[in-house]
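Have a look at the model first, then read on.

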Amino acid sequence: MHPGNVWGGSLDAVDSDRIAAEEEERLRNTTEWDRGAIHSQRSELDETQQGWLLAPQDNWRKKKKKYVNLGCVSVSRTVFLWTVGSIAVLFLVVALPIIIVKSLPRHKSAPPPPDNYTLALHKALQFFDAQKSGKLPKKNKVSWRGDSGTKDGLPDVVGGLVGGYYDGGSNVKFHFPMAFSMTMLSWSLIEYSHKYKAIDEYDHMRDVLKWGTDYLLLTFNNSATRLDHIYTQVGGGLRDSESPDDIYCWQKPEDMSYDRPVLSSTSAADLGAEVSAALAAASIVFTDKPDYAKKLKKGAETLYPFFRSKSRRKRYSDGQPTAQAFYNSTSMFDEFMWAGAWLYYATGNKTYIQFATTPSVPQTAKAFANRPELMVPSWNNKLPGAMLLMTRYRLFLNPGFPYENMLNRYHNATGITMCAYLKQYNVFNRTSGGLMQLNLGKPRPLEYVAHASFLASLFADYLNSTGVPGWYCGPTFVENHVLKDFAQSQIDYILGDNPLKMSYVVGFGKKFPRRVHHRGATIPNDKKRRSCREGLKYRDTKNPNPNNITGAMVGGPNKFDEFHDLRNNYNASEPTLSGNAGLVAALVSLTSSGGQQIDKNTMFNSVPPLYSPTPPPPKAWKP
């Protein structure tokens, strides 16, 4: 050891020649494989060193890649940042605007414009507001009408006969067509309540109906258990009379000062049945008002023994010249069928459906005679309506024995009636403009056409609702849309699709009757009272009416499509309560507002189950 070197070894200068010689000797003794490896190491080292020397200054050192540990996998930090950034950009560009739009308050898209049937329906309902008698409600919007007939029936009738509706252009209250009108309005409300709601007329329609049924409850002693009479009309007169009455006097209802007699009958089976039908049908409409519905049902059932009594089996107009001149009834057994069906639907009491399907009733009514005049629905003929009403029972509930045979005959007769309405079978003539002559060429054709259009449209809806595509006219199968087409063609004629291009509904369209035969609409609303004779100059003038009785459907054109807008031509220019009831029913059945369905179930709410309910399973056996 040398004292100057603590690690040992010589501190002399290194002999470089000797070391190089030893290294060369060692390599000479190394295997060929070892020499290749060593040469490779030298080459690589030389290249690396050379790269260091030749590379640009800022690339002398490569940065080391950084990674992000996501738990199950590690990804490059650069990739991770690009991914997160892309998601953020997509969120800002796509998702954020969607979120903002979704969070903003939504504005309902504008509903489609109402069709002509809806527009006309709004008008047609106003006619009933103009025809109201009694103390008018504050919300009555007919500016030229006021309280009238506030002493009707007093003091002879307990409680009076105040209220109800004037029938047409005169100031008479005919109970027979009034009751029929309320029945038809109820029927349309039951089938198409959703449509009335869609056009915001449901409450208005119920008000119109209740105004009528409140009055009908006054026409008999509805608190009694048995009846001995019924009131048939208030007011009246004869066309050739010159006594102050509702026919001779041309006065507004508000100006009446003459005596208004009240007619009654102890034998009025047809009227009793019609009032019973009206109250029963309305009770189905007002099921949400239990007390009122119960009152209506009680009134309807109280009338049943009255019109069923053989000792009272006479027509209400017999011996009543002021009734015969305007609304002469020709039968009563059609009203029996009509009332029996409505009483059954309203109460569920099998007595009524048994009565309506008793073979002697339709046979006496000639329901299956297939006579054209008996296929025309009207205030005087309920056969087509009654048979369609009971066909509904068969189509939807199919009760079977013991009703099936008669219901099947009603169904077949209804099909034949519908076939008769179609042009190809030539049962009824048509004008060159396309209006069907259901009244066989007599005056006032439009109200008959309106009622037939409603029944045809409703029958098509019944078939559609049960999945039946049509019915047979003899060997020919007819699809349901053919009936809808028929109904539309007739109502379109009324609304202006006719040779004169005139709407026969006042206030609808640009061209409509301006000289309607109607006392209240004819006399100016200037707070001046006119006597019976003073009002005649307003009747006879050629000037248009100062007050438009909006929604009134006039009698209509003659069989040559001609219409003369003259006030004294009452057969053409006077509206009626029953005519407008048919128009309202037809319009609501055809409008597309609220959809094309019917209410299948409300009619049968009170009808009991047809078969015994399945008994509950026995209790579990316990040892």
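Glu574 sits in the loop between helix 20 (570–573) and helix 21 (577–590); helices (H or I, at least four residues) and strands (E, at least two) are DSSP runs, numbered from the N terminus. You're looking at a predicted model, where local features need pLDDT of at least 70, side-chain atom pairs count only at pLDDT 80 or more, and totals for chains, interfaces and linings use all residues. Residues are numbered from 1 along each chain as its sequence is written, and side-chain values use heavy atoms, with hydrogens and water left out.

- Glu574 counts as buried, at 12% relative accessibility (buried means under 20% relative accessible area, exposed over 50%, partly exposed in between, with a 1.4 Å probe and protein chains only).
- Its contacts (heavy atoms within 4.5 Å) include Gly168, Ser170, Arg444 and His517, not counting residues up to four places away in sequence.
- The side chain of Glu574 also reaches the backbone nitrogen of Gly169 at 2.8 Å.

**The annotated site**
- UniProt lists His517, Asp565 and Glu574 under "active site"; its positions are given in the numbering used here, feature names are shortened, and annotations may be inferred rather than shown by experiment.
- These residues are spread over 58 residues of sequence, yet they cluster in space, with a largest C-alpha distance of 10.3 Å.
- His517 belongs to the loop between helix 17 (480–495) and helix 18 (519–522).
- His517 is buried too, with a relative accessible area of 10%.
- Among the residues that His517 touches are Gly169, Trp250, Arg567 and Glu574, again leaving out residues up to four places away in sequence.

**Disulfides**
- The chain has two disulfides (pairs of cysteine sulfur atoms within 2.5 Å), and they follow the pattern 1-4, 2-3, with bonded cysteines counted along the chain.
- Cys249 pairs with Cys532, their sulfur atoms 1.7 Å apart, and with 70° about the S-S bond this link is right-handed.
- Cys249 lies in the loop between strand 4 (230–234) and strand 5 (262–265) and Cys532 in the loop between helix 18 and helix 19 (536–540), so the bond ties together parts that are 283 residues apart in sequence.
- Cys249 is buried at 0% relative accessible area, and Cys532 counts as buried at 15%.
- In the Cys419 and Cys473 disulfide, the sulfur atoms are 1.9 Å apart.
- Cys419 is in helix 15 (residues 404–421) and Cys473 in strand 6 (residues 470–473), 54 residues apart.
- With -95° about the S-S bond, the link of Cys419 and Cys473 is left-handed.

Conventions. A polar contact is a pair of N or O atoms within 3.5 Å; within protein, one must be able to donate a hydrogen and the other to accept it, and residues adjacent in sequence count only if both atoms are side-chain atoms.
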